Amino acid sequence: RHARRIQRAYDCALLLATWHVGFLDTSRDFAKSQGMAQRQWENGIALLRLARVVNGRRWRTHDMPTIERALQRAMERALETPDVFFAWCNRHGQP
C-alpha cells in the first residue's frame, strides 16, 4: 500500500515539475482544475519537498533532469523509510 502511494506521489510530483518547467502554475487550485485531487497534489508536493526541489512555495531548480534525479532518490528513500516521507506531508497526509 505504501509503495503504491509513493509511486502515485512520484507521478504527481513529476507532473507538477513538468508544469513548472513549462511555466504553468503548480498551485493546488490549478492542479484541481486539471483533474488532480488534493491528496495527490499534497503527496506530490511532499515528495518534491523531500527531494529538496521545492522549499516552501519556491522551486529551487528549473532543470527537469535535475528534478527527475532528485525525485528518484527521494522516492527510493521514502520507500526504505516511510516516516521520512510522512515527515514532509501536511498533517492530513499522516498515516
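Helix 4 has these buried residues: M64, I67, A70, L71, A74, M75 and A78. Buried means under 20% relative accessible area, exposed means over 50%, and partly exposed lies in between, using a 1.4 Å probe and protein chains only. An α-helix has 3.6 residues a turn, so residues three or four places apart point the same way.

A word on the model itself. It is predicted, so local features need pLDDT of at least 70 and side-chain atom pairs count only at pLDDT 80 or more, while totals for chains, interfaces and linings use all residues. Residues are numbered from 1 along each chain as its sequence is written, and side-chain values use heavy atoms, with hydrogens and water left out.

Now check the length of helix 4. Helices (H or I, at least four residues) and strands (E, at least two) are DSSP runs, numbered from the N terminus. Helix 4 covers residues 64-80, which is 17 residues. The expected span of a helix is 1.5 Å times one less than its number of residues. For helix 4 that should give 24 Å, and the end C-alpha atoms are 24 Å apart, which agrees.

Next, move to the aromatic rings. The structure holds one aromatic pair. The ring centres of W19 and F30 are 5.1 Å apart and the planes meet at 80°, so the pair is edge-to-face. Rings of Phe, Tyr and Trp (its six-membered ring) pair if their centres lie within 6.5 Å; planes under 30 degrees apart count as stacked, over 60 as edge-to-face and the rest as tilted. W19 belongs to helix 1 (residues 2-21) and F30 to helix 2 (residues 28-33), so the pair ties together parts that are eleven residues apart in sequence. W19 is buried, at a relative accessible area of 10%. Helix 1 also holds A9, which is buried with a relative accessible area of 1%.

Look at the loops next. F23 is found in the loop between helix 1 and helix 2. F23 is exposed, with a relative accessible area of 79%. Its phi is positive, about 60°, although F23 is not a glycine. Most residues other than glycine have a negative phi. R52 is another case, with a positive phi near 60° in a residue other than glycine. R52 is found in the loop between helix 3 and strand 1 (54-55).

A51 is also found in the loop between helix 3 and strand 1. At 13% relative accessibility, A51 counts as buried. A51 and A74 are 23 residues apart in sequence, and their C-alpha atoms are 5.0 Å apart in space.

Finally, turn to a pocket. On a 1 Å grid over the protein atoms alone, a cavity is a set of points where a 1.4 Å probe fits but cannot get out, and a pocket is an open set with protein on both sides within 12 Å along at least five of seven lines; lining residues have an atom within 4 Å of a point. The second largest pocket has a volume of about 230 Å³. Grid points are joined across faces, edges and corners, and a volume is the space filled by probe spheres set on the points. The lining of this pocket includes W41, I45 and R49. Helix 3 (residues 38-50) gives the largest share of the lining of the second largest pocket, three residues.
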